Each structure stands twice: as structure tokens, then as C-alpha cells.
Amino acid sequence: VWFARSRRQKAITAGLALILAGLTVGLYPPLAIWAKFPPVVGEMRALWLLVTAGLLLALPRLPVPALLRRAVVAVSAAGYHIYLSHGLVIYAVVSYAPATPVLLTVLVAILLGLALNRGLARLPIPGQHRG
């Protein structure tokens, strides 16, 4: 999506997003990877994929207030660490506190990812000298 600049590239990208969304909801059963989950999970993933791709294709840049921009940049920078650690948070919640609200679980996963990102950024890189 990021590299689609021309109308043709954006149309191809939108078409690919539509195909992937269709595969997500099980239009091709051998690739129905979300079939073991409740039906709404695959449908929500497909909807999320289509809406996100559509917005990124139509509005690649949005003006954002400075305070919100700092938060978005921090979460974006920690995105990989959030991705890597969210499974641990979900496992802990499901195993030890199943009544925890979903939004609280998401917040904890984001905070853990932010903490990991910040902590790992402070570790020295072997072979690199700080001066």
C-alpha cells in the first residue's frame, strides 16, 4: 500500500486487498486460516483489512495534532514489539484473568510493547561505540 503511487498501482493494490479479504473469510476453503475461530473473527479481519487499505490508498497523509502525533509515532515505533509480545498478554489474560475487558487487554499489550521498545533501545549494540 505504501508504494502504490499511480492510479493503476492503487487499483491493483485495492484488488489484492479485496482478494486477501475474501481469502480471510473463507471464499477458498483450503486457505480459510480463520475458519477455526468464530465466524465474526474472519469477517472482522476482512473488514479491517479493506478499511485500512482503502484509507491508506485514499489518504496516505493526515494532519494530526502534535500531542496525538507523539502517541501515534511512539506506538508505531513499538509496533514490532507489540506484535511480538501481545500473545503473551492474551495468554496471561485468558489463563489468569478471563473476565478482563478487551480494551484493558489491548492497553496492557500496547504498554508492554512500548516498554520493550524503550528498554531494548537502551541496550548497547555490540561493535558500536557510543560517544
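I started with the second largest pocket, whose volume is about 430 Å³. On a 1 Å grid over the protein atoms alone, a pocket is an open set of points where a 1.4 Å probe fits, with protein on both sides within 12 Å along at least five of seven lines. The volume is the space filled by probe spheres set on the points, which are joined across faces, edges and corners.

The model is predicted: local features need pLDDT of at least 70, side-chain atom pairs pLDDT 80 or more, while totals for chains, interfaces and linings use all residues. Residues are numbered from 1 along each chain, and side-chain values use heavy atoms, without hydrogens and water.

I counted 13 lining residues (an atom within 4 Å of a point); His-86, Ile-90, Thr-105, Val-106 and Ala-109 lie nearest the pocket's centre. H4 (79-96) and H5 (102-121) each supply at least two of the lining residues; helices are DSSP runs of H or I, at least four residues, numbered from the N terminus. H4 gives the largest share, six residues.

Next I checked the packing. The axes of H4 and H5, lines fitted to C-alpha atoms over the stretch in contact, are 8 Å apart at an angle of about 135°.

Technical notes
Axes fitted to C-alpha atoms, helices over the stretch in contact; angles between N-to-C directions.
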